[in-house]
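Hello,

Here is the structure for your files. My notes follow below it.

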Amino acid sequence: MKKLKYQIILLFITIIWGTSFLFIKGSLTSLNAIEFLAIRFLIAGLIIFPFFITRIKKVKKKDFYGGIILGIILYLVLLLTNISLNFLSASKVAIYTGMSVIITAILDSLIYKRLNKFLLLSILFSIFGLILVLDISDFKIEFGDIIGIILSFSIAFQLIVAEKVTKLGNSYIMGVIQIYFGMLFSILTLFLFFNGFKNIEMVSFFQDKMLMFSLFYTGGLGTALAFILQTICIKKLSSVEVAIIFNFEPIVGVFFPVIMSNFFSFGNETVNFFQIIGFVFVIISIFIVTLKNNNFKNI
């Protein structure tokens, strides 16, 4: 049961990320993808600064370089997420993030050759559930879908690299450093290609309550807290285990807008019977990987 607390933490993180898609998409009507990302990282950086400054003397070279690597990948993943939300619904982007579990499992089995019957069963349940949730009856590939597919591969790459890098040093410090380098890259991109923050109307910016909520929700919980915890947890788990648990994220991403639509009149999302069945299959896949005792030894 040593791993259970890390698995529960990751499940909590997926709920934060799954609920954030709807808020980010709504905010992209006021800010472009890179503006939102830069401000999100700025908020995260400010929140974690007091915790980082007390440990700055403990930063070693391997932690610093590991944080840079993770920061670059994190920046790319979040930027692709924001761009895809410009073209696709929040639910569909959530599904593409969930598809990364399949890619992660394939890459992980090729690299580490540790896929076993329990993981394979969990992956199959997960894939089948995602197909039902995605509702592919009228599915067609558009430009946003191409970005979504690239996003899926990027997340899989992020999980595999993070598992490898975090084992080389202090995962907490790496998690903090990745936030600051993600902030650096996003701000540099903003100033190089979008004239910095000049296009933002500051008065309307601070008066937009929904935008402010989205930024602090994604910056505080979805970035400062979630990505540091993810970096710590992935050191204790395999990338496949993490990916399967993260498969709960698209489920939240699909059903959260439905809840908001029906109970809070926010949006106009619906869900059908087959999507509910798909949800059940994904839950089963998470239970398989979470309740199997610790090390997933080959059987």
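Phe205 is buried, at a relative accessible area of 9% (buried is under 20%, exposed over 50%, partly exposed in between; 1.4 Å probe, protein chains only). Phe206 is exposed, at 53%.

This is a predicted model: local features need pLDDT of at least 70, side-chain atom pairs count only at pLDDT 80 or more, and totals for chains, interfaces and linings use all residues. Numbering runs from 1 along each chain as its sequence is written, and side-chain values use heavy atoms, without hydrogens and water.

Fold: the protein chain has 13 helices and zero strands (DSSP runs, numbered from the N terminus: H or I of at least four residues, E of at least two). Of its 299 residues, 55% are buried.

Core: the largest nonpolar core has 86 residues (buried Ala, Val, Leu, Ile, Met, Phe, Trp, Tyr and Cys joined through side-chain atoms within 4.5 Å). Leu10, Leu31, Ile179, Phe205 and Leu215 touch the most other members.

Aromatics: the whole structure holds 14 aromatic pairs (ring centres of Phe, Tyr or the six-membered ring of Trp within 6.5 Å; planes under 30 degrees apart are stacked, over 60 edge-to-face, the rest tilted). Phe23 and Phe213 pair edge-to-face, 5.1 Å centre to centre, with 85° between the planes. Phe23 sits in helix H1 (residues 4-27) and Phe213 in helix H10 (residues 209-234), 190 residues apart. Phe23 is buried at 7% relative accessibility; Phe213 is partly exposed at 41%. Phe205 and Phe206 are also edge-to-face, because their planes meet at 85°, with centres 5.0 Å apart. Phe64, Tyr65, Tyr75, Phe181 and Phe185 form one aromatic cluster.

Best wishes
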